[in-house]
Amino acid sequence: MMNTKYTPIIGLEIHVELKTQSKMFCGCSASHFQVEPNTHTCPVCLGLPGALPVANQKAIEWCQLIGLALNCRLAKESKFDRKNYFYPDLAKSYQISQYDQPLCYQGEVVLKNGHKIGITRVHMEEDTGKSIHKKINGEDQTLIDFNRSGVPLVEIVTEPDFRNPEDVDEFLKTLRQIIRYLDVSDADMEKGSMRLELNMSLTSHPELISGSHPQFPNYKVEVKNINSFKYLQKALVYEFARQAEILDRGETPVQETRGYQEDVDKTISQRSKEDAQDYRYFPEPDIPPMVFEEKDLENLKKLLPELPQQKREKFTKTFGISTETAWVLTESKELALYFEQAVKLGEVLKIEAATIANVIKNKKYDWQKLSPEELITKLKQESSDKVSDEGALGKIIDEILKNNPKVVEDYKAGKVQVLGFLVGQVMRQTQGKADAEISNKVLRQKLK
Amino acid sequence: MTKNLTIDEVKHIAKLLNLNLQESEIKKLAGELSEAASYVEVLQELDLDNTTETAQVTGLTNIFRQDEVKSSLSQSDALKNAKKTFDGYFVVPPTIRKK
């Protein structure tokens with residue numbers, strides 16, 4: 001897929017729409033999905049002259065929580081800026097965003113393989129209106145719905161720290177999980193509440209980009225319009241091949257913005273350097289700056305819920321379950337909470353956390369169809385049916401070992417994986433009622 | 001007197017403002033804009049050595065609102081001043097041409 005001659009250098013920019021009740025700078029409802037067009041607007045979000053934007057405190061707090069969850073530093077002083085550009089879905093001809101004083105900066109996410117992904121910044125801004133392109137009476141038209149205009153949007157920018165598509169995928173899934181644990185956004189790509197952009201360049205000298213004074217290639221290609229994690233992977237593969245081909249010819253890819261087109265699985269040039277955007281950022285004069293005291297920021301940390309990483313640590317340390325199982329159990333906040341509740345109930349009935357973890361992980365029972373109480377009741381029933389008496393199991397095991405001398409020989413010769421077969425035999429003899437853990441223990445003892 | 005704006009600079013400004021200018025207008029505007037800019041230059045005469053830069057004059061900080069929904073305009077009020085509407089939408093010249 002990706003050749004080894006070049007190393008990709010990839011950075012991401014992710015937009016997340018917050019699920020506050022009201023918009024970022026006015027009291028209009030922030031809900032805009034499948035809503036009658038232009039029914040959630042007011043002078044502020046329609047960009048009418050004289051309207052005064054006032055920032056939504058909850059949105060700012062949520063943006064800071066995202067920053068904290070991504071191990072960012074929080075700014076003591078922050079402000080909004082105007083980003084000027086002309087487009088019909090941008091009512092004011094500028095977007096209120098943040099330029100040189102983002103709410104959060106210098107964060108980091110560590111991936112499973114230990115790779116560290118730096119977070120450049122996490123800042124607060126507002127969404128634009130929505131354009132719909134349509135033919136009306138045979139004429140091309142663009143229709144605008146301003147319900148989305150002014151909805152709180154958080155922008156997360158990473159350092160160009162990715163060196164392969166797998167890390168990009170894991171990072172995005174981790175980010176989405178964290179945001180959902182925080183319960184500040186649906187982070188749903190399909191509904192557009194999470195949007196991705198990437199930038200990429202290739203180098204044939206990876207040694208130049210590590211170390212304290214990295215030398216990056218002299219170009220960078222941005223790719224927009226990526227509507228799913230799957231398409232992001234495809235866009236990365238396509239872009240890698242495209243840039244590699246240009247470099248192979250001894251040329252340099254043009255620094256530009258490209259759009260991914262899923263129907264043809266290609267990226268297409270949208271805007272080249274010649275008409276690079278000139279946003280003329282300047283401080284938003286209508287919104288006073290924000291100042292946060294140390295104690296405000298400390299209080300904010302108390303609002304952070306337990307995040308996937310902390311839950312995994314707790315599960316492995318206090319419940320003694322494997323890291324792999326812990327990852328499965330923390331996939332969603334709902335599942336993690338379900339497991340915790342089941343463990344609590346299980347304690348009373350002496351059902352081990354590890355047992356509960358395994359039945360959920362192995363999908364023996366569908367946790368979404370059983371309440372934690374029902375699950376525990378079923379497990380209790382099972383354990384009382386179980387043959388867990390070492391003496392009784394010992395007899396059955398003696399019999400099995402006698403009938404399988406070849407397997408015993410293999411085991412003693414170092415083929416320890418035959419143990420699985422033997423446990424299977426015990427299960428067969430007991431119609432699945434043998435306690436697997438105890439059978440395992442007795443088998444090992446007898447095979448010594 | 002500030003330097004005169006070049007034709008390319010005027011073209012760039014026009015593009016940022018989404019203005020479609022004729023060559024003759026660009027020439028004329030290059031002169032006029034340069035003049036306007038030089039007028040603002042009188043500000044350079046002020047002694048600002050002891051003045052700190054600011055983008056804020058109110059002295060206020062942390063002006064927020066709670067996350068509460070207030071009533072919005074009705075659809076017909078929102079669209080009232082639009083040149084062209086369709087089915088509850090604002091209509092603008094096409095930004096993408098459908099095949």
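## Salt bridges across the model

Counted over all chains, the structure holds 32 salt bridges. Please keep in mind while reading that this is a predicted model. One of the salt bridges joins the side chains of A:Glu284 and A:Arg82, with an N to O distance of 3.0 Å. The two partners come from distant parts of the chain, 202 residues apart. A:Glu284 sits in the loop between strand 16 (282-283) and strand 17 of chain A, whereas A:Arg82 belongs to strand 5 (residues 81-84) of chain A.

Strand 5 of chain A pairs with strand 6 of chain A over 4 bridges, in the antiparallel sense. Within this pairing, A:Asp81 stands opposite A:Ser97 in strand 6 of chain A.

A second open sheet draws on both chains: its 4 strands follow the order 9(A)-10(A)-3(B)-2(B), and the pairing is antiparallel. Its edge strands are strand 9 of chain A and strand 2 (85-86) of chain B, each of which pairs on one side only.

On the chain A side, strand 9 and strand 10 run antiparallel and are joined by 7 bridges. A:Lys134 stands opposite A:Gln141 in strand 10 of chain A. The two strands form a hairpin with 2 residues between them, and A:Asn137 in the turn has a positive phi of about 50 degrees. Which strand of chain B takes up the pairing with strand 10 of chain A? That is strand 3 (residues 89-92) of chain B, which runs antiparallel to strand 10 of chain A and is joined to it by 3 bridges. In this pairing, A:Leu143 has B:Val91 as its bridge partner.

## The interface of chain A and chain B

In the contact between the chains, 51 residues of chain A meet 38 residues of chain B. The area buried between chain A and chain B is about 3800 Å², with carbon and sulfur atoms giving 58% of it. A:His133, A:Asp140 and A:Pro288 supply 14% of the area that chain A buries against chain B, more than any other three residues. The rule finds 24 residue pairs in polar contact across this interface, both residues being at pLDDT 80 or more.

Which elements of chain A give two or more residues to the side that touches chain B? They are strand 2 (55-56), helix 1 (57-69), strand 9 (130-136), strand 10 (139-145) and strand 17 (290-291) of chain A. Strand 10 of chain A gives the most, with 6 residues. By class, the side of chain A that touches chain B has 26 nonpolar, 14 polar and 11 charged residues.

## Domains within chain A

Chain A is divided into domain 1 (7-301), domain 2 (306-385) and domain 3 (390-447). Taken over C-alpha atoms, the centres of domain 1 and domain 2 of chain A are separated by 36 Å. Between these two domains, 8 residues of domain 1 of chain A are in contact with 11 residues of domain 2 of chain A.

Together, domain 1 and domain 2 of chain A bury about 760 Å² between them, and 65% of this lies on carbon and sulfur atoms. A:Lys112, A:Gln177 and A:Tyr181 supply 77% of the area that domain 1 of chain A buries against domain 2 of chain A, more than any other three residues. The two domains have 5 residue pairs in polar contact, both residues at pLDDT 80 or more. Helix 2 (residues 165-182) of chain A gives the most to the side of domain 1 that touches domain 2, with 5 residues. The residues of that side divide into 4 nonpolar, 1 polar and 3 charged.

Methods:
Residues are numbered from 1 along each chain as its sequence is written. Chains are lettered from A and ligands numbered from 1 in the order in which they are written. This is a predicted model: local features need pLDDT of at least 70, side-chain atom pairs count only at pLDDT 80 or more; totals for chains, interfaces and linings use all residues. Side-chain values use heavy atoms; hydrogens and water are left out. Domain bounds come from an automatic or database domain assignment. Contact means heavy atoms within 4.5 Å. Buried area is the accessible area (1.4 Å probe) that two parts lose on being put together, summed over both. A polar contact is a pair of N or O atoms within 3.5 Å; within protein, one must be able to donate a hydrogen and the other to accept it, and residues adjacent in sequence count only if both atoms are side-chain atoms. Ala, Val, Leu, Ile, Met, Phe, Trp, Tyr, Cys and Pro count as nonpolar, Asp, Glu, Lys and Arg as charged, and the others, Gly among them, as polar. Two strands pair if DSSP finds at least two bridges between them. A salt bridge is a side-chain nitrogen of Lys or Arg within 4 Å of a carboxyl oxygen of Asp or Glu.
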